[in-house]
Amino acid sequence: MPAPLAVPGMANPAPIPFNKPYLHGRELVYIAEAVASGKISGDGLFTQRCHAFFEQRYGFHKALMTTSCTDALELAALLLDIREGDEVIVPSFTFVSTANAFALRGARIVFADSEAHNPNLDVSRVEALITPRTRAIVPVHYAGMACDMDPLLELCARHGIALVEDAAQAIDSFYKGRALGGIGSLGAFSFHETKNVIAGEGGLLAINDPALVARAEILREKGTNRSAFFRGEIDKYGWVDVGSSFLPSDIVSAYLYAQLEVLDQIQLRRKALWQRYWDQLAGVLPHHGVEVPYVPRWATNNGHLFYVVCRSLEHRDTVIAALRQAGIHAVFHYQSLHSSAYFHDRHDGRALPHCDRFANCLVRLPMYVEMSDAQCDRVCEALLDVLRQH
């Protein structure tokens with residue numbers, strides 16, 4: 001990254017990173033406790049505490065920690081018995097894991113476009129993509145803001161299709177009062193270092209259909225009934241199904257649990273920063289042809305990220321480069337999966353213009369718990385300076 005532009009007579013301000021992993025302080029204490037316990041493999045004390053937190057706070061029927069959100073999605077695909085020839089509907093504007101988890105099982109991925117004013121998938125166009133082979137729909141709650149879930153629930157019920165929420169960015173966010181990740185049959189979360197609460201890596205599968213719980217435990221434990229054995233429900237365990245090793249170390253859960261203890265504090269700060277961006281930019285950016293986030297009436301905002309949508313790909317690149325020259329690390333986001341190197345020959349040829357526009361034009365601004373008000377103001381000032389010139 002180039003050095004910030006020098007200002008005569010002033011020291012150059014410190015660069016503002018896009019993200020900074022948050023360390024509250026108890027994380028290292030709990031990691032030491034996990035090590036001292038002699039049990040640092042999966043499903044130790046802190047993993048159990050994390051499970052209880054999610055089940056009690058958000059009403060998930062069963063919560064299972066995984067090594068990543070990718071693993072949670074792959075576990076979901078296994079749990080639904082997705083097989084070759086099945087079809088799964090996924091937004092094209094998302095991280096590759098959303099689609100890859102189901103492609104690994106042999107499914108044909110059917111990509112859906114975004115809404116015109118929101119990166120989330122356009123629910124009104126989903127039914128036209130359903131065929132007799134459709135097995136699941138996987139909405140992604142982009143920026144922690146809910147897709148319109150009621151129409152998706154109705155579609156899935158009418159067609160006998162599973163609804164799997166990719167809630168990677170959606171911790172502590174809600175749809176009409178219901179916790180995201182707790183609405184579909186399954187919900188997948190991420191605790192990557194860029195998320196609101198973190199464990200470096202790490203994920204969670206929320207299981208909201210009680211009929212799926214027993215098998216989920218088996219698949220997560222390499223296809224064995226080992227979890228039931230450790231609860232004393234059986235006198236020995238063995239190989240009873242397919243599966244893989246989806247359990248994170250208890251050290252990962254120890255770090256996460258310390259974050260969960262201060263979740264409200266984290267959320268308060270992130271939402272305040274989001275609102276500070278909004279207050280300074282929402283009334284001005286549209287005059288420069290630049291859009292600010294759209295918050296649907298049914299959704300809450302969990303302060304995960306603040307984005308702007310530039311006028312074109314060239315304009316986006318100009319804005320990012322100029323901000324970097326000012327010592328501010330802003331970044332673009334997903335590239336359209338339907339036109340990716342891997343998938344473009346497999347796509348059915350439909351144009352997905354809204355997805356492409358967000359892929360080409362969206363810019364994410366710095367956002368992290370320890371970001372100061374002054375740093376937020378500096379980003380806003382720099383962005384407005386760039387837009388006045390370009």
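Which residues line the largest cavity?

Guide: A word on the source first: this is a predicted model. The lining of the largest cavity is made by Asn 19, Lys 20, Pro 21, Tyr 22, Glu 193, Lys 195, Asn 196, Ile 198, Arg 270, Tyr 368 and Val 369. By class, that lining has five nonpolar, two polar and four charged residues. The volume of the largest cavity is about 50 Å³.

The structure holds two cavities of 30 Å³ or more. The second largest cavity contains about 30 Å³ of space. Around the second largest cavity sit Glu 115, Asn 118, Asn 120, Leu 121, Val 123, Ala 146, Cys 147, Asp 148, Pro 296 and Trp 298. Six residues of that lining are nonpolar, two are polar and two are charged.

Now the open space. The largest pocket has a volume of about 530 Å³. It is lined by 29 residues, and the closest to its centre are Phe 95, Ser 190, Thr 194, Lys 195 and Tyr 334. Lys 195 also belongs to the lining of the largest cavity.

H3 and helix H4 (96–103) each supply at least two residues of the pocket lining. H3 gives the most, with three residues.

That leads to the packing of these helices. Two packed helices are described by the angle between their axes and the distance between the axes. For H3 and H4, the angle is about 35° and the axes are 8 Å apart. H3 passes H4 in a right-handed crossing. On the H3 side, the contact uses Thr 70, Leu 73, Glu 74 and Ala 77. On the H4 side, the partners are Ser 97, Thr 98, Ala 101 and Phe 102. The contact of H3 with H4 has four nonpolar, three polar and one charged residues.

H3 (residues 69–79) also packs with helix H6 (residues 213–220). Their angle is about 120°, with the axes 10 Å apart. That makes H3 oblique to H6. The crossing of H3 and H6 is right-handed. Leu 75, Leu 78 and Leu 79 of H3 meet Arg 215, Ala 216, Leu 219 and Arg 220 of H6. This contact of H3 with H6 has five nonpolar, no polar and two charged residues.

Helix H2 (residues 45–58) packs with helix H8 (residues 250–261) at an angle of about 40°, and their axes lie 7 Å apart. H2 and H8 are therefore oblique to each other. The crossing of H2 with H8 is left-handed. H2 brings Leu 45, Phe 46, Thr 47, Arg 49, Cys 50, Phe 53 and Phe 54 to the contact. H8 brings Asp 250, Ser 253, Ala 254, Leu 256, Tyr 257 and Leu 260. In the contact of H2 with H8, nine residues are nonpolar, two are polar and two are charged.

Note on methods:
Residues numbered from 1 in each chain as written. Predicted model: local features only at pLDDT ≥ 70, side-chain atom pairs only at ≥ 80, totals over all residues. Heavy atoms only, no water. Axes fitted to C-alpha atoms, helices over the stretch in contact; angles between N-to-C directions. Helix = DSSP H or I, 4+ residues; strand = E, 2+ residues; numbered from the N terminus. Parallel < 35°, antiparallel > 145°, perpendicular 65-115°, else oblique. Left-handed = near helix turned anticlockwise from the far one by under 90°. Contact = heavy atoms within 4.5 Å. Nonpolar A, V, L, I, M, F, W, Y, C, P; charged D, E, K, R; others polar. 1 Å grid on protein atoms, 1.4 Å probe; cavity = no way out; pocket = protein on both sides within 12 Å on 5 of 7 lines; lining within 4 Å. Points joined across faces, edges and corners; volume = space filled by probe spheres on them.
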